[in-house]
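Dear colleague,

Please find below the structure that I am handing over to you, followed by an account of what was found in it. I would be grateful if you read the two together.

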Amino acid sequence: MRGRTLREQEGRAGLALISPTLVITLVVVVLPLLWAIMLAFQDVRLINIRQVGLFGGYTLENFTYVLAEPGFWTALVNTMIYTVAGTGLSIVIGLVAALALRDRFRGRTLVRASILIPYVAPVVAVTFLWQTMLSPQYGIVNTWLSEPIAFLTQARGTFLGVEVPVALLTVIAFEAWRYFPFAFLFILARIQALPAELDEAAVVDGATPTQRFRYVMLPQLWRIIALLAVLRFVFTFTKFDDVYLLTGGGAGTEVVSVRVYNFLTARDDIGASAAQAIVLAVVLVVFLVIYLKFFAGGERDQG
Amino acid sequence: MTRDRFERALFRALRPLVIAVLFAITAFPLYYMVMLSFRDIQELILEPGSLWPRDFTLDTYTNVLGRQGFLIFMRNSAIVAVVSVAVTLLISIPGAYAVARLRFFGRRQVHFLFLAVYLFPAIVLAIPLFVLFTMLGLRGSLFGLILVYIAQTVPVTVYMLRNYFETVPQSVEEAAAIDGCTRLSTIWRVVLPLSKPALMATGLYAFMIAWNEFLFALLFLVEKRDSWTVSLGLSQLAGSIEIPTTVLMAGSVVLTLPIVVVFFAGERLLTEGLTAGAEKG
């Protein structure tokens, strides 16, 4: 044995076993992240990247340029609306689904399996399916309507006399549809772990079903709902696939992550692309900090 | 009628309705996808509202697998997914064991790193990796893609496995050590056989990420058609007007089916494994 003490041997073995994990996260995640921050402060394109080098030509130009474009602010507002509405709807539908499937019934396994499909299926397949079903030419949804609607290519339309952003609402509906199973799984697991006594006591006290939900069950679900809200918010805020595949960012649905992609590939402006990604990440962190402060305060009030 | 009785009656009536709606909005799209994949495009254009094909055709599948190259895409996806799963497990098993059992410098900080990687936006990471892989000439190679998938899944799988490893009784491991097992052979002979459900779940997670992922596949492989994964292939061909929608729907089925089968097969095994363990106490 080379080690002096067992404890030292253990420490060395631990580091040896964890090192492959650390190396790959460091090389493929942490270092690239630092580089992304550096790129945001450099005027780089794929053509001149070798001349600029790692430390050359630091500038704030990317940020002033990106923030001066009205397109960026529109995209940021879209991202906000899309994230808040998508997160909220998916959690509400997930909660309703969990309540409906709480008790056993014939065919529950089948319905449960079916509910998980939108979440499990590959995003490319389900976005293509939505495009087909909503197509104004041969989409099945439009055969049910008196007048075909171009759900994914029309920025504005009127519904009951009110002007609505059609494509943005469709993208939000997709988000709710695709991610409510995620909320459903978490909330159902929590509901099934709740002690039955509290609910039974409330029945004895004469509480109605809505009162039992409001005053007995919901207070026990707040934690998991708050956690889901954070997770879904973080994932949706920076989500690229769904919007890009559904609309390509057209028809008033451009979110910041799609802009980041377009600047990176179509415009070949790495600096501006990185700057927007950094702004997006910073806005996300600010929201998280505000939320956690707010939520941590609420937690204390509840005791 | 009292409020209580009214509410009970209301929810008794509403519940089946909600269940029916949820089933419809999730099962119908899947049914529609499968149904369209067996139809000729002419039929769809003539009768867009029909819910049952007049003639079943398999031409859509032969077309999409052969002419459109989905067989090659499937091979690529399979390589990417299988290698990702294997290497992810290979890296995360020792990592998770170390975090669960061994006291080493920086053990506490590791959690923070893993959480950060889990929540970290892929779109930010996409920029430097795109630039790096362009400079290294790694774009178009499946190797680069696999590397990114592993890096994205390993922190999460370490976390998943660690939680399970901690439930393995330490006394079993000590017994193995007394019987002369080294640390690695203890992991191999004692911990892993006891952790099969967790290994399944972890492998499943890594497989789903690798099979479904789109952004990095798009960034790294788009210019080289021979390297396309199924996801990328479908997304690229979906834009073209020459390929009939029903043929692409067959492609959708080919993309979706493996993941749905793997998920539900794995889910059942997983719950079985967990309950079997619980019965033994």
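UniProt positions are given here in the numbering used in this message, feature names are shortened, and annotations may be inferred rather than shown by experiment. The model is a predicted one, in which local features need pLDDT of at least 70, side-chain atom pairs count only at pLDDT 80 or more, and totals for chains, interfaces and linings use all residues. Residues are numbered from 1 along each chain as its sequence is written, while chains are lettered from A and ligands numbered from 1 in the order in which they are written.

Annotated regions

For chain A, an unreviewed UniProt entry carries the annotation "transmembrane region" over residues 21-41, 80-101, 113-133, 166-188, 221-238 and 270-292. Among these, residues 21-41 of chain A are 95% helix and 0% strand, with end C-alpha atoms 30 Å apart; helices (H or I, at least four residues) and strands (E, at least two) are DSSP runs, numbered from the N terminus. Residues 221-238 of chain A are 94% helix and 0% strand, and their end C-alpha atoms lie 26 Å apart. The annotation "domain: ABC transmembrane type-1", also from an unreviewed UniProt entry, covers residues 76-291 of chain A. That span is 73% helix and 4% strand, and its end C-alpha atoms are 18 Å apart.

For chain B, the unreviewed UniProt entry places "transmembrane region" at residues 12-34, 78-100, 112-136, 142-161, 198-221 and 241-265. Residues 12-34 of chain B are 100% helix and 0% strand, with 34 Å between the end C-alpha atoms. Residues 112-136 of chain B are 92% helix and 0% strand, with 31 Å between the end C-alpha atoms. The annotation "domain: ABC transmembrane type-1" in the unreviewed UniProt entry covers residues 74-266 of chain B, a span that is 81% helix and 0% strand, with end C-alpha atoms 20 Å apart.

Contact between the chains

The contact takes 60 residues from chain A and 76 residues from chain B, where two residues are in contact if their C-beta atoms, placed from the backbone, lie within 7 Å. Helix α1 (residues 6-40) of chain A supplies the largest share of the chain A side, 18 residues. By class, the side of chain A that touches chain B has 45 nonpolar, 13 polar and 2 charged residues; Ala, Val, Leu, Ile, Met, Phe, Trp, Tyr, Cys and Pro count as nonpolar, Asp, Glu, Lys and Arg as charged, and the others, Gly among them, as polar.

One helix pair spans the two chains: helix α6 (residues 123-133) of chain A and helix α12 (residues 230-238) of chain B pack at an angle of about 25 degrees, with their axes 9 Å apart. Axes are lines fitted to C-alpha atoms, for helices over the stretch in contact, and angles run from 0 to 180 degrees between N-to-C directions. α6(A) and α12(B) are therefore roughly parallel to each other (angles under 35 degrees count as roughly parallel, over 145 as roughly antiparallel, 65 to 115 as roughly perpendicular and the rest as oblique). In this pair, Val124(A), Ala125(A) and Phe128(A) meet Ser231(B), Leu234(B), Ser235(B) and Ala238(B).

A helix pair within chain B

The axes of helix α5 (residues 107-119) of chain B and helix α7 (residues 142-165) of chain B come within 8 Å and cross at roughly 125 degrees. That makes α5(B) oblique to α7(B). Leu113(B), Phe114(B), Val117(B) and Tyr118(B) in α5(B) meet Pro155(B), Val156(B), Val158(B) and Tyr159(B) in α7(B). The residues of this contact divide into 8 nonpolar, no polar and no charged.

Confidence

The predictor gives the complex an ipTM of 0.89 and a pTM of 0.90. The mean pLDDT (the predictor's confidence in each residue, from 0 to 100) is 88 for chain A, and 95% of its residues reach 70 or more.

With kind regards
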